[in-house]
Amino acid sequence: MTEEFIKGMIDWFKSGKNLPRRYAWEIILGAYSHFVKEESLVNLDVQEGMTCDVIGDVHGQFYDLLHLYSLTGTPTEKHCLLMNGDLVDRGSWSIEVILTAFAYKWLYPTRMFINRGNHEAKDMNRTYGFEGEAKHKHGEQTYKLFAHVFTTLPLATLVSATTTPKTTSENTILSLEGRKRYFVVHGGLFSKDGVTLDDVRKIPRIGRQPGQEGLMCAFKNPFQLLWTDPQTLPGRGPSKRGVGIAFGPDVTKNWCLLNGVTGIIRSHEVRENGYAVEHDGLCTTVFSAPNYVDQVGNKGAFIRIDATGEQQYFQFEATPHPPMKPMAYAQGGLASLMM
């Protein structure tokens, strides 16, 4: 894998062509060879002079992803990308999105990181388009390969600063070493207290599908971290999605204090401005699919973190794309647009 190949592949995709199946398989397996070596919680240390960009849901919006990469830059020795799940479904170029991201993972395994989202799962792919798209473009065996490789994606990433923070307040939560660090996960926190970073690190994920059953059952289904959402009220409550739970600002604060985490960065929900800072600054949502499903009109955003743990927020607008409707490959062409 080379930069030249990826650039050529992107041009190939923009011309409306499918990658030969052999190349698609090589890219999937190349990325897989790195995912299987990673723990369920990946440690990403941002060294001095480095930056890390956290990207939220992109949902198969390939042309918006290309615009996003033009803003973030591609991975280099001094720059990491962390894609926080839900790369596929909804948008009708999910194959192009996932193959591009996987190609960068294969080429830059220590500079390209990809967390699993709730849409990197069989039941969601069946309903929201990725299964149909993968089979249409590359055949059933290719979809089955994707389905397994999705189970090897890490569930969360701990982004840790390595130098003294520039700014703190009396409420800033730091690690034992006095550094800022961020827990980046697709959905959010758990339906019970006391879950540690080590608990997340030890989750057996490979070969397992999250499903939806059991998401309310404490830590019996650890994949609930792909589904939960923040709420304004304290404590925990039922999710407005009808699946999983919602967690309040007190839950976030207690968890961050327990684990020495400066804040949680999660995705999973549209935000009008592309991002929203919630729970007294301890929980930030970032969403990177602008004008979601060609209807919502929201901005996209990404978050840049430097070696001191400082965060910058960048917004961007949607980019024109060829005349293909969202969820063109969804079963029956019908699906709830907002889950």
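This is a predicted model: local features need pLDDT of at least 70, side-chain atom pairs count only at pLDDT 80 or more; totals for chains, interfaces and linings use all residues.
## The largest pocket

Helix α9 gives the largest share, with four residues.

As for the space itself, the largest pocket holds about 490 Å³. It is lined by 26 residues, and those closest to its centre are N171, T262, D280, G281 and L282. Sort the lining by class and you get twelve polar, nine nonpolar and five charged residues.

## A cavity inside

Rolling a probe the size of a water molecule over the atoms shows where empty space is left. Searching the whole structure turns up one cavity of 30 Å³ or more, and the largest cavity has about 100 Å³ of space.

There are 17 residues around the largest cavity, and Q61, G91, W93, D294 and H321 are the ones closest to its centre. The lining here splits into seven polar, six nonpolar and four charged residues.

## Two helices side by side

How do α1 and α4 run relative to each other, roughly parallel or roughly antiparallel? Helix α1 covers residues 3-14 and helix α4 covers residues 94-107, and the two pack at an angle of about 175° with their axes 10 Å apart. An angle over 145 degrees counts as roughly antiparallel, so that is how α1 and α4 lie to each other.

On the α1 side, the contact is made by E3, I6, M9, I10 and F13, while α4 brings E96, L99, T100, A103, Y104 and L107. By class, this contact of α1 with α4 comes out as eight nonpolar residues, two charged and one polar.

## What the record says

UniProt, in an unreviewed entry, places the feature "domain: Serine/threonine specific protein phosphatases" at residues 115-120.

How values were computed:
Residues are numbered from 1 along each chain as its sequence is written. Side-chain values use heavy atoms; hydrogens and water are left out. UniProt positions are given in the numbering used here, feature names are shortened, and annotations may be inferred rather than shown by experiment. Axes are lines fitted to C-alpha atoms, for helices over the stretch in contact, and angles run from 0 to 180 degrees between N-to-C directions. Angles under 35 degrees count as roughly parallel, over 145 as roughly antiparallel, 65 to 115 as roughly perpendicular and the rest as oblique. Contact means heavy atoms within 4.5 Å. Ala, Val, Leu, Ile, Met, Phe, Trp, Tyr, Cys and Pro count as nonpolar, Asp, Glu, Lys and Arg as charged, and the others, Gly among them, as polar. On a 1 Å grid over the protein atoms alone, a cavity is a set of points where a 1.4 Å probe fits but cannot get out, and a pocket is an open set with protein on both sides within 12 Å along at least five of seven lines; lining residues have an atom within 4 Å of a point. Grid points are joined across faces, edges and corners, and a volume is the space filled by probe spheres set on the points.
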